[in-house]
Amino acid sequence: MSMHDDNTHPTDDLAADYVMGLLEGAELAAAEARMTDDADFARAVSTWRERLADLDATAEALAPSAALWDRIADSTKIKPAIPLPGARAALRGATLWDNIGFWRSTGIGGVFAALMLVVILIGALATSRQLRRELIALAQRKPIYVAVLVNDVTRETGAIVNTFSDGRVELIPLRPIDVPAGRTLQVWTLWDRDIGPKSIGLTGQSRTLQLDLEALPDTVADQLFEITLEPEGGSPIGRPTGPILFKGNAARAL
């Protein structure tokens, strides 16, 4: 259930670049063709689309200002050429084909333009990679599912469970939870009633807790999370035995 970091699998990297529109030309065509032939790559693309969907939905559409269009129009105007005196003489005395100075300056200008293009391409590649890292970091910080755990009797909210796109799942208490001596708080999740609840965390005190769902399927909507009071060391039978203190179902984060 873990997502990648800087040492990610090339397939996941390529899927991220494809979804964020960083591929062009042959790379883009190859990625689109691979979508139909490579099921793993297609799943990676689908996962990345889901991860970044919320970020895309929150982006505001901004219309370009009139001043921007004016600057673009001004920058594309063709300015009249003013030949230098030496150029006039060259034009009178010889054609461009015979003008060594012209071709020397043209060659130097071509080399300079090629070098500038290389610099621009390197800068664009570095920017694309930085953009991908920043978007990945942003997606990892925003939970994709949130469960609000409530006491059935008092209707008090006791904790929330946040599920992140990189596989992290955390429990955050919203109020102190009394834990008697010799007892422990045990956190459970239930996504399939045929399989039954699975223990994902133990703590002897009310505190933020990183839950362990590594061996379980990805969190889904309506998945149940609950906190029970169990004997010290946890339930002896692998199922909840004590009273349910707080429970709630996962919902897609807004």
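These notes cover the fold, the sheet, the cores and the salt bridges of a predicted model.

1. Basis. Residues are numbered from 1 along each chain as its sequence is written, and side-chain values use heavy atoms, with hydrogens and water left out. Because the model is predicted, local features need pLDDT of at least 70 and side-chain atom pairs count only at pLDDT 80 or more, while totals for chains, interfaces and linings use all residues.

2. Overall make-up. The chain has 6 helices and 8 strands (DSSP runs numbered from the N terminus: helices are H or I of at least four residues, strands E of at least two). Along the sequence the pattern is α-α-α-α-α-α-β-β-β-β-β-β-β-β. Of its 254 residues, 32% are buried (under 20% relative accessible area; exposed is over 50%, partly exposed in between, with a 1.4 Å probe and protein chains only).

3. The sheet. The 8 strands form an open antiparallel sheet in the order β5-β4-β7-β8-β1-β2-β3-β6; two strands pair if DSSP finds at least two bridges between them. β5 (198–203) and β6 (209–211) each have a single partner strand, so one side of each lacks a neighbour in the sheet. Between β1 (residues 143–150) and β2 (residues 157–164) there are 7 bridges, and A147 stands opposite V161 in β2.

4. The cores. A nonpolar core is a set of buried Ala, Val, Leu, Ile, Met, Phe, Trp, Tyr and Cys residues joined through side-chain atoms within 4.5 Å. The largest has 23 residues, of which L149, V161, L171, L211 and F225 touch the most other members. Strand β1 gives the most to this core, with 4 residues. Apart from this core lies another, of 11 residues, among them A16, Y18, A31 and A44.

5. Surroundings of L171. Beyond its neighbours within four places in sequence, L171 is in contact (heavy atoms within 4.5 Å) with residues including L149, V161, V187, L211 and I227.

6. Salt bridges. The structure holds 6 of them, each a side-chain nitrogen of Lys or Arg within 4 Å of a carboxyl oxygen of Asp or Glu. D152, R155 and K247 are linked in a network. The closest N and O atoms are 3.6 Å apart for D152 and R155, and 3.2 Å apart for K247 and D152. K247 in β8 and D152 in the loop between β1 and β2 are 95 residues apart.

7. D152 is partly exposed at 47% relative accessibility, as is K247 at 30%, whereas R155 at 54% counts as exposed.
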